Amino acid sequence: MSAGVEQLGLDAVIEIFEAVNEFEAFTPDNDPYGEHDFGVIKVGSERIIWKIDYYDTALESGSPDPSNPAVTTRVLTVMLASEY
């Protein structure tokens, strides 16, 4: 999570991560490739952006095959929209 999210405090962080976990509002407009790896949510008065990136297992570059968990480490980033 970003520093801005962390600064909101533990209760807000828990609420944000629960909202990310429950996010299902994928549409062709916000998820054109059907990967379900990006979302924008509103929690309280904050606009939150979350994104899943797919790295190789050494976390040095992109995964050679994001669909293969044996060669992929997924990293979730959660940040305030104002930090983007």
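A residue is called buried here when its relative accessible area is under 20%, exposed when over 50%, and partly exposed in between (1.4 Å probe, protein chains only). The model is predicted, so local features need pLDDT of at least 70 and side-chain atom pairs count only at pLDDT 80 or more, while totals for chains, interfaces and linings use all residues. Residues are numbered from 1 along each chain as its sequence is written, and side-chain values use heavy atoms, leaving out hydrogens and water.

**View 1. Confidence along the protein chain.** Mean pLDDT (the predictor's confidence in each residue, from 0 to 100) is 96 for the protein chain, with 100% of its residues at 70 or more.

**View 2. Strand 2 and its two partners.** Strands pair if DSSP finds at least two bridges between them. Strand 2 (residues 46-55) runs antiparallel to strand 1, joined by 6 bridges, and Lys-42 sits opposite Arg-47. The hairpin of these strands leaves 2 residues between them, and Gly-44 in the turn has a positive phi of about 60°. Strand 2 is also antiparallel to strand 3, through 8 bridges; here Ile-49 has Met-79 as its bridge partner.

**View 3. A look around Asp-37.** Let's visit the loop between helix 2 (10-22) and strand 1, where Asp-37 is found. Asp-37 counts as buried because its relative accessibility is 8%. Beyond residues up to four places away in sequence, Asp-37 touches Phe-26, Trp-50, Lys-51, Ile-52 and Tyr-54 (contact: heavy atoms within 4.5 Å). Its side chain also makes a polar contact with the side chain of Lys-51 at 3.3 Å (a pair of N or O atoms within 3.5 Å; within protein, one must be able to donate a hydrogen and the other to accept it, and residues adjacent in sequence count only if both atoms are side-chain atoms).

Notes. Helix = DSSP H or I, 4+ residues; strand = E, 2+ residues; numbered from the N terminus.
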